[in-house]
Amino acid sequence: SHRSLPPSIPVESIHQPSLLGPTPKTRVPKASKVRSLKEIYEKTNILASSALQSLNPQNQDAITFDPLDTFYNYMIQDHSLEDDLYLYNHDSFDTLSIQEALSGPEADSWREAMDSEYQSLMDNGTWHLVPRPVDRKLVSCKWLLRKKFNADGSISRYKARLVARGFSQVPGMDYNETFSPVLRITSFRALLATAAQFHLLVHQMDVRTAFLHGDLHEEIYMEQPPTYTSKDHPDYVCKLVKSLYGLKQSPRQWYERFTTCMSNLGYTRFQSDPNVYSRNGPHTILLLAIYVDDILILSNSDDVLSNAKSELHASFSMQDMGALHYCLGIQVLQDPTHGLIRINQQSYVESLLKKYNMSTCKGVSTPLPLSIKAKTPTSSSTMIPTFDMVAFPYANILGGIRYLVTCTRPDICFAANF
């Protein structure tokens, strides 16, 4: 059965409570307090250790700040943006070593996650063991441990991922082209607006170990994974057959594999966004969008939607997430019967406020105070502004707010760009 296409109606309803408080006042530290900078770092967990080591009165410009740096760094990551958004919440990203994780109270959960990831690598035939070549540099690898969260902040699952350390790859030998496009946030919003207008069903699927589906064209040798060294051949190395997370060319290889699959299934790729595909019938609509390993499927027919999922299951290892409710750090509330889709980032904003100790701030009707004096982060005549900026991470906060502006809060655009 398929749904009829009704006349144009209001396409989108964006609701987001005003959670951002007033801009905090800046307190300039006295000269006698400069020696306590390390104490400020340990108390607020803000200053990077590398910046702390390079900061000294003889080198006033040792640290530079770019308000957009954090935001743009997130836009070029190789993995799911949903994971990256939670980096703002210190409770969601585990920096534990393997020894700490496996000896802590959650050891069983982390070991189960690591075993599951390793088994996926073996089932996919990601590598085979060979004697170590004498004329090639090995690529190192490590385990990344991360907790995945639900929209309400509760733990969804423990996730372990084996990643290659791409910085040890040799250009021209271990990789060549690396560029891979990702879904634009504006395209994501446009798809939701289309779904609201035409009463489309919006479902979500997740590709398990997406980057492992890409085929490598180069010869790459990697060390054996920590804690999973072969007992029969402990001195052998892994010759990669499939791409692996962390390799510089992995996003490109996965994108090429997925694009080829979509073409074989009869999808047409949009020229405006290479990560959006369509395959429409006389009375049916089928749209598909992908952000690295998160896939959105939109259709006005239950049968067409089920068929599209079956095709993806046959091509890749997929997880059906059902109706879209949380993606890219955005909570989506669907009411297809009335043609309404509401999006918000309340949990994301709350995590920002919690990280920067602003959870108790009061909401205001205007995002900027009536009078504000902007000051430069560094000064050639005094070190006080530099210490002031180090103690309060304006660049990180602005990066987080600018992503919020781009997704769901255009009403605070002027304040964020002030």
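Me: Which residues do ring pairs link into a cluster?

Reply: Ring pairs join Y118, W127, W143 and Y228 into a cluster. Rings of Phe, Tyr and Trp (its six-membered ring) pair if their centres lie within 6.5 Å; planes under 30 degrees apart count as stacked, over 60 as edge-to-face and the rest as tilted. By this rule the count is 10 aromatic pairs.

Before we go on, a word on the model: it is predicted, local features need pLDDT of at least 70, side-chain atom pairs count only at pLDDT 80 or more, and totals for chains, interfaces and linings use all residues. Residues are numbered from 1 along each chain as its sequence is written, and side-chain values use heavy atoms, with hydrogens and water left out.

Me: Thanks! Why is the pair of W143 and Y228 called tilted?

Reply: The ring centres of W143 and Y228 are 5.5 Å apart and the planes stand at 50 degrees, so the pair is tilted. The pair links distant parts of the chain, 85 residues apart: W143 is in strand β3 (residues 141-149), and Y228 is in the loop between β6 (221-222) and β7 (237-240). Helices (H or I, at least four residues) and strands (E, at least two) are DSSP runs, numbered from the N terminus.

Me: What makes W143 buried or exposed?

Reply: Buried means under 20% relative accessible area, exposed over 50%, and partly exposed in between (1.4 Å probe, protein chains only). W143 has a relative accessible area of 6%, so W143 is buried. Y228 has 13%, so Y228 counts as buried too.

Me: And why is the pair of Y348 and Y403 edge-to-face?

Reply: Here the planes are at 75 degrees and the centres 5.9 Å apart, so Y348 and Y403 form an edge-to-face pair. This pair also links distant parts of the chain, with Y348 in helix α10 (residues 346-355) and Y403 in helix α12 (residues 394-407), 55 residues apart. Y348 is buried because its relative accessibility is 4%, and Y403 is buried because its value is 2%.

Me: How do you know that the charged end of R161 sits over the ring of Y245?

Reply: The test asks for NZ of Lys or CZ of Arg within 6 Å of the ring centre and within 35 degrees of the ring normal. The charged end of R161 is 3.8 Å from the centre of the Y245 ring and sits over that ring.

Me: What does the side chain of D273 reach?

Reply: The D273 side chain reaches the backbone nitrogen of R184 at 3.3 Å. A polar contact is a pair of N or O atoms within 3.5 Å; within protein, one must be able to donate a hydrogen and the other to accept it, and residues adjacent in sequence count only if both atoms are side-chain atoms. D273 lies in the loop between β8 (268-269) and β9 (276-278), and D273 is buried because its relative accessible area is 1%.

Me: Which residues is D273 in contact with, leaving aside neighbours within four places in sequence?

Reply: They are V182, L183, R184 and S187. Contact means heavy atoms within 4.5 Å.

Me: How many disulfides are there?

Reply: The count is zero, where a disulfide is a pair of cysteine sulfur atoms within 2.5 Å. As for burial of cysteines, C327 counts as buried because its relative accessibility is 2%, and C407 is buried because its value is 0%.

Me: What makes a set of residues a nonpolar core?

Reply: The members are buried Ala, Val, Leu, Ile, Met, Phe, Trp, Tyr and Cys residues joined through side-chain atoms within 4.5 Å. The largest such core has 63 residues, and those with the most contacts inside it are F188, F258, L288, I295, I297 and L312. Another core lies apart from it, with 24 residues, including I220, C238, L244 and L247.

Me: Last one: why is T194 called partly exposed?

Reply: T194 has a relative accessible area of 26%, so T194 is partly exposed. T194 is placed in helix α7 (residues 185-198). Not counting residues up to four places away in sequence, T194 touches L200 and L287.
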